[in-house]
Amino acid sequence: MAHASARQGGWLTGWDPEDEDAWHRGGHRVARRNLVLSVLSEHVGFSVWTLWSVLVLFMSPGIGLGFSPGAKFLLVATPTVVGALLRLPYSYAVSRFGGRTWTVFATAILLVPTLPALYFVQRPGTPLWVFLVIGALAGTGGGNFASSMTNIAAFFPRRHQGWALGLNAGGGNLGVAAVQLIGLVVIAVAGDTRPAYVVAAYLPLIVLVSLLAAWKMDNVDAVRSAPGAQRKAARHRDTWWISLLYIGTFGSFIGYGFAFGLVLQNEFAASPREAVGYTFLGPLLGAFSRPLGGWLADRLGGARVTFWNFLGMAAGTVVLIVAAGRDSFGLFVAGFTALFVLSGLGNGSTYKMIPAVFARKAEDEVTSGGDASAAFARARRLSGAVIAIAGAIGALGGAAINLAFKLSYTDAAGSGTPAFVVFLAYYALCLAVIRAVYLRRVPAPGLRAADTVKETSRV
């Protein structure tokens with residue numbers, strides 16, 4: 001790759017992943033090295049982002065931190081909101097400062113929320129507002145997803161981007177399960193009164209990944225995006241329709257990841273060990289199912305897969321309502337685990353809809369006499385911007401889920417059923433949107449209706 005690119009001022013200039021000769025001569029090794037380190041950084045970021053979903057399970061009067069269920073749900077909602085709001089500026093930052101530079105910063109800054117968390121979870125009587133501030137700082141881990149995805153997309157040719165981005169996103173999502181698994185190990189070894197051990201496990205990882213990123217990653221000039229792409233994307237209705245769908249998929253995944261353990265404690269009086277023991281499996285399966293959702297969307301169409309996925313999520317929510325009414329712990333856990341898997345599938349299929357929708361717009365523009373090269377270049381820029389916007393808005397769905405649970409469990413006799421009914425209604429809304437907007441298209445001249453639906457929903 002040396003003949004096609006050079007390092008200037010810390011940037012890898014002249015990088016062209018579409019150059020077949022350069023790619024096979026060594027470019028693929030550079031791309032994969034950056035991908036591995038990006039996955040590690042995003043994985044640690046997701047773990048710190050969802051750290052409080054585990055720490056709240058340790059909080060009890062026995063260690064001097066006896067907060068109410070509503071206070072705990074508020075605490076886990078706080079990093080969700082901050083992480084969602086940071087996704088847009090993080091996406092821009094990597095195009096301004098470079099992938100290596102921003103990855104080092106975004107990973108190292110995770111020490112800011114973890115060090116005070118380590119200190120204050122060992123201090124009985126610490127007021128709630130202190131933990132809310134620390135939880136807000138933990139939201140920095142949620143922004144890593146946007147910068148990581150933007151950076152990695154620039155290293156791979158289009159034919160490999162689906163695989164690379166799926167692996168990058170799935171590796172990050174695994175951080176949700178990893179932090180819960182660490183919590184389970186801590187409880188099994190040291191009991192449920194040592195939350196500081198969970199935090200301490202991540203301090204050396206943060207330092208190590210920061211140093212590896214500084215040593216082995218690259219800044220690449222291709223990641224620099226055209227100005228105003230996000231503003232232009234915001235003017236498209238499809239941006240907001242897809243964001244609404246992503247609230248239902250990724251919002252469900254991250255919201256349930258934060259809340260599942262607390263729901264088990266409040267719905268079935270589960271102990272911290274029981275709660276953590278059952279909660280890590282769902283996020284684990286959901287992270288692995290995300291690439292499968294993209295794969296299915298490649299073959300069957302993104303809109304079609306997402307539609308059937310929301311039908312499954314609605315059915316899973318009905319199972320939760322029935323299980324809660326019958327006080328069936330096993331059925332409840334099975335229903336929640338199914339929702340994690342389906343939300344992971346939906347994450348992949350919904351993201352696959354984005355390039356398909358804007359490629360369809362480019363096709364219409366070319367059919368009307370527009371320049372093909374300019375039309376498809378514009379579609380790629382808009383797709384990248386919509387990915388950032390939808391990722392940010394979708395993460396806000398996780399906060400909405402935790403706030404819904406907070407309202408449902410306001411008093412000691414509270415139940416999660418009202419929240420589940422709200423989620424069911426939202427999934428029904430998503431089904432209606434997909435059916436009306438993406439599975440019913442007016443055919444363009446010369447295309448049959450079936451062909452139009454296929455081209456709209458397939459990447």
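This is a predicted model: local features need pLDDT of at least 70, side-chain atom pairs count only at pLDDT 80 or more; totals for chains, interfaces and linings use all residues.
View 1. Ala 269 is placed in the loop between helix 12 and helix 13, the latter being residues 272-279. The phi angle of Ala 269 is near 55°, which is a positive value in a residue other than glycine.

**View 2. Asp 327 in the loop between helix 15 and helix 16.** A positive phi, here about 60°, is also found at Asp 327, although this residue is not a glycine. Asp 327 lies in the loop that runs between helix 15, residues 302-326, and helix 16, and at 55% relative accessibility Asp 327 counts as exposed.

**View 3. Helix 2 and helix 3, with the residues where they meet.** Two packed helices are described by the angle between their axes and the distance between the axes. For helix 2 (residues 51-58) and helix 3 (residues 69-97), the axes come within 8 Å and cross at roughly 160°. Because angles over 145 degrees count as roughly antiparallel, helix 2 is roughly antiparallel to helix 3. The crossing of these two helices is right-handed. On the side of helix 2 the residues that take part are Trp 52, Ser 53 and Val 56, and they meet Lys 72, Leu 75 and Val 76 of helix 3.

**View 4. Ser 243, a buried residue in helix 12.** Ser 243 lies in helix 12 and counts as buried, with a relative accessibility of 1%. Apart from its neighbours within four places in sequence, Ser 243 is in contact with Ile 389, Ala 390 and Ile 393. Ser 243 and Ile 354 are 111 residues apart in sequence, and their C-alpha atoms are 10.0 Å apart in space.

**View 5. The aromatic pair of Phe 260 and Phe 336.** Among the 35 aromatic pairs that the structure holds, the one formed by Phe 260 and Phe 336 is tilted, with 4.3 Å from centre to centre and 35° between the planes.

**View 6. Leu 396 in helix 17.** Leu 396 has its place in helix 17, which covers residues 372-408, and at 33% relative accessibility Leu 396 counts as partly exposed. If residues up to four places away in sequence are not counted, Leu 396 touches Val 81 and Ala 84. The C-alpha atoms of Leu 396 and Phe 250 are separated by 9.2 Å, and these residues are 146 residues apart along the chain.

**View 7. Ala 297 in helix 14.** Ala 297 lies in helix 14, residues 281-300, and is buried, with a relative accessible area of 0%.

**View 8. Helix 7, a mostly covered helix.** Helix 7 covers residues 140-153, and twelve of its 14 residues are buried. Among them are Thr 140, Gly 141, Gly 142 and Gly 143, as well as Asn 144, Phe 145, Met 149 and Ile 152. In the protein chain of 459 residues, buried residues make up 55%.

**View 9. Two charged side chains over aromatic rings.** The charged end of Arg 123 sits over the ring of Tyr 119, at 4.2 Å from the centre of that ring. In the second case, the charged end of Lys 216 sits over the ring of Trp 215, at 4.5 Å from its centre.

How values were computed:
Residues are numbered from 1 along each chain as its sequence is written. Side-chain values use heavy atoms; hydrogens and water are left out. Buried means under 20% relative accessible area, exposed over 50%, partly exposed in between (1.4 Å probe, protein chains only). Helices (H or I, at least four residues) and strands (E, at least two) are DSSP runs, numbered from the N terminus. Rings of Phe, Tyr and Trp (its six-membered ring) pair if their centres lie within 6.5 Å; planes under 30 degrees apart count as stacked, over 60 as edge-to-face and the rest as tilted. A charge sits over a ring if NZ of Lys or CZ of Arg is within 6 Å of the ring centre and within 35 degrees of the ring normal. Axes are lines fitted to C-alpha atoms, for helices over the stretch in contact, and angles run from 0 to 180 degrees between N-to-C directions. Angles under 35 degrees count as roughly parallel, over 145 as roughly antiparallel, 65 to 115 as roughly perpendicular and the rest as oblique. A crossing is left-handed if the near helix is turned anticlockwise from the far one by less than a right angle, and right-handed if clockwise. Contact means heavy atoms within 4.5 Å.
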